[in-house]
Amino acid sequence: MAEREIRLFGDPVLREACAPLTAFDAATAQLAADLIETALPEGRAAVAAPQIGVALRAFGYDLDGRRGAVFNPVVVETGGERVDIDEGCLSVPGLWFPTPRWSYARVTGLDEFGEPVELEGEAVFAQMLQHETDHLDGTVYVQTLPGQRRREAMRQIRQSSWF
């Protein structure tokens, strides 16, 4: 296992729609371990494969006492209320913006062995599921912000020392 370097907003890999995994082998297990390891440090909840430079449909998480990796995830259900939740991203360090998210989400996918897995949750866990699957479609959360909020986010990103 290895904690991997996080790619920052502006890196082309973050704009790519990721390819699904079709083979589950030792490389898949290593990717799962790396994603989980990268999600573990304090202040993190999850990391998507493109955030570590891998354009495959996968994310790792460590949140609310649950830890694992999901391959080829699909959001199959959202519900509850759509509310603005303060959201941040490892690829947009130090910046947080109110982001519209459903208060409930359910994702299906596969584990590192190719076996079916289902994750569901409310509040922050639901936010994480939506956030990470967005990454796999080439979308960073600031791109989903409405109008003026998005313009302000982009202004702050351009002024950031890391950009």
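This is a predicted model: local features need pLDDT of at least 70, side-chain atom pairs count only at pLDDT 80 or more; totals for chains, interfaces and linings use all residues.
Residues are numbered from 1 along each chain as its sequence is written, and side-chain values use heavy atoms, with hydrogens and water left out.

I'll start with the sheet. It is open, has 5 strands in the order β1-β2-β3-β4-β5, and its pairing is antiparallel. Two strands pair if DSSP finds at least two bridges between them. At the edges sit β1, residues 46–48, and β5, residues 116–122, each of which pairs on one side only. On average, neighbouring strands in this sheet are turned by 45° against each other, with direction ignored. For angles, axes are lines fitted to C-alpha atoms, for helices over the stretch in contact, and the values run from 0 to 180 degrees between N-to-C directions.

Now the individual pairs. Between β3 and β4 there are 13 bridges, in the antiparallel sense. The link between these two strands is a hairpin through 2 residues.

Next along is β4, residues 92–110, which pairs with β5 in the antiparallel sense over 7 bridges. This is a hairpin as well, with 5 residues between the strands, and Gly114 in the turn has a positive phi of about 85°. Follow the pair residue by residue: Thr108 stands opposite Glu118 in β5, Arg106 has Glu120 as its bridge partner in β5, and Ala105 stands opposite Gly121 in β5.

Which strands does each helix lie across? For α1, residues 26–39, they are β1, β2 (58–63) and β3 (66–89), and the helix runs at about 40° to β2. Helix α2, residues 123–136, lies across β1, β2, β3, β4 and β5, and runs at about 90° to β4.

Phi of Asn72 is near 55°, a positive value in a residue other than glycine. Asn72 lies in strand β3 and is buried, with a relative accessible area of 17%. Buried means under 20% relative accessible area, exposed means over 50%, and partly exposed is in between, with a 1.4 Å probe and protein chains only. The other one is Ala123: phi is again positive, near 55°, and the residue is not glycine. Ala123 lies in helix α2 and is partly exposed, at 46% relative accessible area.

Val117 is found in strand β5 and counts as partly exposed at 24% relative accessibility. What is Val117 in contact with, leaving aside its neighbours within four places in sequence? The contacts (heavy atoms within 4.5 Å) are Val70, Val107, Thr108, Gly109, Leu110 and Asp111. Phe71 is 46 residues from Val117 in sequence and 9.0 Å away in space, C-alpha to C-alpha.

Val75 lies in strand β3 and is also partly exposed, at 33% relative accessibility. Not counting residues up to four places away in sequence, Val75 touches Arg106, Val107, Leu129 and Thr133. Val75 and Ala46 are 29 residues apart in sequence and 16 Å apart in space, C-alpha to C-alpha.

Last, the largest pocket, with about 400 Å³ of space. A pocket is an open set of points on a 1 Å grid over the protein atoms alone, where a 1.4 Å probe fits and protein lies on both sides within 12 Å along at least five of seven lines; lining residues have an atom within 4 Å of a point. The volume is the space filled by probe spheres set on the points, which are joined across faces, edges and corners.

The lining has 22 residues, and the closest to the pocket centre are Gly43, Ala45, Gly88, Cys89 and Trp96. β3, β4 and α2 each supply at least two lining residues. How many come from α2, the source of the largest share? The number is 6. By class, the lining splits into 11 nonpolar, 7 polar and 4 charged residues. In that count, Ala, Val, Leu, Ile, Met, Phe, Trp, Tyr, Cys and Pro are nonpolar, Asp, Glu, Lys and Arg are charged, and the others, Gly among them, are polar.

How values were computed: Helices (H or I, at least four residues) and strands (E, at least two) are DSSP runs, numbered from the N terminus.
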